[in-house]
Amino acid sequence: VVGIMFISPWLIGFLAFYIRCFVMTIQFSLSDVILKDSGGYKTVFAGISNYVYAFREHASFSQTLVTSL
C-alpha cells in the first residue's frame, strides 16, 4: 500500500499525458487533417482509408516500414 502511494502521483501524471496523446494519435490516423489558413486544423473522419492507402497504394511505405523496424 505504501509503495502504491509513492508511485501514484507519477502514475496519474503518466496516464493523463499518455492517454491524451494516444487518443489524438488514433484520431489523426483515422481522419483527413485539413490545415486552416487562419491557423489550426480540422479533422474529417476517413475511417481506415488512410491505412488502405498506405499499405496498398503508397509506393515506398512498405519498404520504409520494414527498414524502420
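The model is predicted, so local features need pLDDT of at least 70, side-chain atom pairs count only at pLDDT 80 or more, and totals for chains, interfaces and linings use all residues. Residues are numbered from 1 along each chain as its sequence is written, and side-chain values use heavy atoms, with hydrogens and water left out.

Q: Why is the pair Phe 14 and Tyr 18 called stacked?
A: Rings of Phe, Tyr and Trp (its six-membered ring) pair if their centres lie within 6.5 Å; planes under 30 degrees apart count as stacked, over 60 as edge-to-face and the rest as tilted. Here the centres are 5.5 Å apart, with 10° between the planes.

Q: What makes Phe 28 and Tyr 41 an edge-to-face pair?
A: Their ring centres are 5.4 Å apart and the planes stand at 75°, so the pair is edge-to-face. Phe 28 lies in helix H1 and Tyr 41 in strand S2 (residues 41-45), so this pair ties together parts 13 residues apart in sequence. Helices (H or I, at least four residues) and strands (E, at least two) are DSSP runs, numbered from the N terminus.

Q: Why does Ile 34 count as partly exposed?
A: Buried means under 20% relative accessible area, exposed over 50%, partly exposed in between (1.4 Å probe, protein chains only). Ile 34 has 42% relative accessibility, so it is partly exposed.

Q: What makes Tyr 18 partly exposed?
A: Its relative accessibility is 46%, so Tyr 18 counts as partly exposed.
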